Amino acid sequence: MPHVLASVVIGATLATAAPSLAGEPIAVMPKGKSIFEAYDPDAKAGTNVSGATCFDDGSCILIADEMIAMQSIKLNLGGTSPSYRAGRTYGLMFGDRCTDITQTKNCKEVDLEAIARKGRDIFVSGSMGNRSRSGKRANDRWFLARFSLGKSGKPLTGSLTVQSKRSLLKQMFVGHAVIAPLLELPLQCGGVNIEGLTVIGDQLFFGLRSPADLINGRAYIIQSSETVLAAKRKSDVEPTKLHSLTFRNASGKPIRNTGIRALETLGDRLLIATADAGVSAPSSASRLKDIKERCAAVPGGARLPNVAGKRPLVPRIWIWDPASQADPIEIVRLGGPYADEKLEGLAVLGNPSSKNKKVDLLLTIDGQNDVPALALLKGLKLQY
């Protein structure tokens with residue numbers, strides 16, 4: 001039977017007597033070196049954190065959308081000031097120079113946008129989209145990988161599997177009429193762009209920022225067997241399932257321009273972070289005109305421009321049962337300074353499994369303006 005969420009309380013950050021869902025996270029600060037300092041002298045990757053996955057012991061792995069930037073951290077959530085210590089990096093698995101993102105000729109720009117885990121197995125995905133600024137095709141971003149970690153956090157020898165054949169990864173999308181025509185189009189024109197990944201059993205769930213049905217508040221998840229990692233031919237790629245989700249406000253009205261920005265597993269359900277599907281509103285009329293003209297060159301492109309409104313959507317987190325036909329249910333929207341930031345990753349902390357158990361979430365913020373890259377949303381209580 002599908003779960004039904006009856007109510008949600010966020011510790012002291014939510015009013016328990018009202019239907020308000022606004023919650024303000026707590027900043028998580030470094031003890032010692034900041035994340036991704038090892039990847040380049042300016043720590044550029046630390047301003048582009050795109051995802052996280054965490055283990056029950058409080059250790060986590062973060063990714064950034066710069067080359068193949070991956071790093072472990074150890075959280076300390078005691079007291080009123082949560083913190084972390086930066087740990088080992090993982091880029092060397094993918095090439096000798098992949099721990100230095102300034103070495104652009106020696107390390108692929110896979111645009112890591114999503115990370116998930118199943119036990120000690122770690123999955124990471126590139127965006128499988130075009131270059132963000134130029135809109136040009138980018139083969140490197142068609143990237144999916146899996147590796148296993150020992151209890152010490154060290155990758156197990158021989159555990160790395162990489163699927164980077166664009167022709168094979170495209171097979172996950174080509175069978176879906178709403179997605180296939182938008183493969184390898186710019187994000188500005190509604191092109192495919194992955195920003196979320198999670199796993200249940202042997203099934204991978206890819207959350208799409210784009211394309212999205214902008215008018216009707218509808219976004220998409222592609223469900224694929226993890227056997228795609230080992231595929232050698234197109235015929236090896238098993239058929240995938242397309243989930244079409246409508247995100248509605250409290251009055252039941254679809255929230256326009258919604259795209260998926262992160263996924264996480266919670267038992268047999270998914271937590272989903274949403275925000276704008278489109279690129280940020282251009283700073284000038286000429287830039288907007290350029291986007292419209294670029295998209296108009298695509299068949300049917302007059303309806304494609306994928307641009308956020310002048311006021312960005314507030315990041316929201318939802319819960320959804322992939323076995324049901326029900327819409328996702330909103331459980332929190334970020335408040336305070338986080339309402340204007342880009343939420344791009346979330347990870348469940350601990351091992352919540354019983355009803356009414358509180359859930360803590362680690363959040364990652366990309367391109368931060370007024371907040372650090374990591375935040376803690378504490379005491380999310382699900383009653384279902």
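**Close-up 1. Strands contributing to the lining of the second largest pocket in this predicted model.** Strand E5 (49–54), strand E9 (112–118), strand E13 (193–200) and strand E17 (258–266) each supply at least two residues of the lining of the second largest pocket. Among these elements, E17 provides the largest share of the lining, with three residues. The lining is made up of 16 residues, and those that lie nearest the centre of the pocket are Arg117, Glu264, Thr265, Val348 and Asn351. By residue class, the lining of this pocket divides into five nonpolar, seven polar and four charged residues, and the space that lies within the second largest pocket amounts to about 320 Å³.

**Close-up 2. The open sheet that contains strand E9.** Four strands, in the order E9-E10-E11-E12, form an open sheet whose pairing is antiparallel. Strand E9 (112–118) and strand E12 (161–163) are the edge strands, each of them pairing on one side only, and neighbouring strands of the sheet are turned by 15° against each other on average, with direction ignored. In general, the strands of a sheet pair through backbone hydrogen bonds, in either a parallel or an antiparallel manner.

**Close-up 3. The pairing of strands E9 and E10.** Strand E9 and strand E10 (residues 121–126) pair in the antiparallel sense over six bridges. One of the residues to look for in this view is Lys118, whose bridge partner in E10 is Asp121.

**Close-up 4. The largest nonpolar core.** The largest nonpolar core has 41 residues, of which Ile35, Phe36, Met70, Val124 and Leu362 touch the most other members. Two or more residues of this core are given by each of E5, strand E6 (59–64), strand E7 (69–76), E9, E10, strand E11 (144–148), strand E21 (342–349) and strand E23 (374–383), and the element that gives the most is E6, with five residues. In soluble globular proteins, nonpolar side chains tend to be buried together.

**Close-up 5. Val237 in the loop between strands E15 and E16.** Val237 has its place in the loop between strand E15 (218–225) and strand E16 (241–246). Because its relative accessible area is 11%, which is under the 20% limit, Val237 counts as buried. Along the chain Val237 and Ser225 are 12 residues apart, while their C-alpha atoms are separated by 8.3 Å.

Technical notes
Residues are numbered from 1 along each chain as its sequence is written. This is a predicted model: local features need pLDDT of at least 70, side-chain atom pairs count only at pLDDT 80 or more; totals for chains, interfaces and linings use all residues. Side-chain values use heavy atoms; hydrogens and water are left out. Two strands pair if DSSP finds at least two bridges between them. Axes are lines fitted to C-alpha atoms, for helices over the stretch in contact, and angles run from 0 to 180 degrees between N-to-C directions. On a 1 Å grid over the protein atoms alone, a cavity is a set of points where a 1.4 Å probe fits but cannot get out, and a pocket is an open set with protein on both sides within 12 Å along at least five of seven lines; lining residues have an atom within 4 Å of a point. Grid points are joined across faces, edges and corners, and a volume is the space filled by probe spheres set on the points. Ala, Val, Leu, Ile, Met, Phe, Trp, Tyr, Cys and Pro count as nonpolar, Asp, Glu, Lys and Arg as charged, and the others, Gly among them, as polar. A nonpolar core is a set of buried Ala, Val, Leu, Ile, Met, Phe, Trp, Tyr and Cys residues joined through side-chain atoms within 4.5 Å. Buried means under 20% relative accessible area, exposed over 50%, partly exposed in between (1.4 Å probe, protein chains only).
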